[in-house]
Amino acid sequence: MKLNLLSCDSHRPDKRAIAKCIVEISSNINASLANELTEILLEGDPVDIEVEDKNSGSALRSLRKLDIDYEIIE
């Protein structure tokens, strides 16, 4: 499943928690790339990631917990 991470609405976003979440839920992103994607997301630009279908429910819960708005592409 592909997700488009749109924005983070948290007043004080935790960059490390967001990057860790991206690494855990994505199927092909390492820590370095996750840190870059987190910076891009927090600057206000959308980020595309791919999530394994077996992890989709917990992945969406994790994103909501971090106040990240997303849309499902596929």
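When I speak of contact this morning, I mean heavy atoms within 4.5 Å of each other. With that in mind, Met1 touches, leaving aside its neighbours within four places in sequence, Ile49, Glu50, Val51, Asp53, Ser56, Ile72 and Glu74.

Before I go on, please keep in mind that this is a predicted model, in which local features need a pLDDT of at least 70 and side-chain atom pairs count only at pLDDT 80 or more, while totals for chains, interfaces and linings use all residues. Residues are numbered from 1 along each chain as its sequence is written, and side-chain values use heavy atoms, with hydrogens and water left out.

The score pLDDT is the predictor's confidence in each residue, from 0 to 100. The protein chain averages 92, and 100% of its residues score at least 70. Confidence is highest in helix α2, residues 31–42, with 96, and lowest in α3, where the mean is 91.

Let me turn to the overall layout. Helices (H or I, at least four residues) and strands (E, at least two) are DSSP runs, numbered from the N terminus. The protein chain has three helices and three strands, and from the N terminus on they follow the order β-α-α-β-α-β. The radius of gyration of the protein chain is 11 Å, close to the 11 Å that the globule rule gives for 74 residues, so the chain is as compact as a globular protein of that length; here the radius is taken over C-alpha atoms, and the rule is 2.2 Å times the number of residues to the power 0.38. Among the contacts in the protein chain with a separation of 6 or more, 74% are between residues 24 or more positions apart.

Now, which residues count as buried? Buried means under 20% relative accessible area, exposed means over 50%, and partly exposed lies in between, using a 1.4 Å probe and protein chains only. Met1, which sits in the segment before β1, counts as buried because its relative accessibility is 18%.

Strands β1 and β2 run antiparallel and are joined by four bridges, where two strands pair if DSSP finds at least two bridges between them. Strand β2, residues 47–50, has Val47 and Ile49 on its covered face, whereas Asp48 and Glu50 are on the uncovered one. In a regular strand the side chains alternate between the two faces of the sheet.

My last stop is helix α3, residues 56–65, whose buried residues are Ser56, Ala59, Leu60 and Leu63. Why do these residues lie on the same side of α3? They cover an arc of only 95 degrees around the axis, and that puts them on the same side, the arc being that of the directions from the helix axis to the C-beta atoms. Arg61 and Lys65, on the other side of α3, are exposed. The cover over the buried residues of α3 includes β1 (2–8), α1 (15–25) and β3 (68–72).

Finally, in the loop between α3 and β3 we find Asp67, whose phi is near 60 degrees, a positive value in a residue other than glycine. Asp67 counts as partly exposed, because its relative accessibility is 39%.
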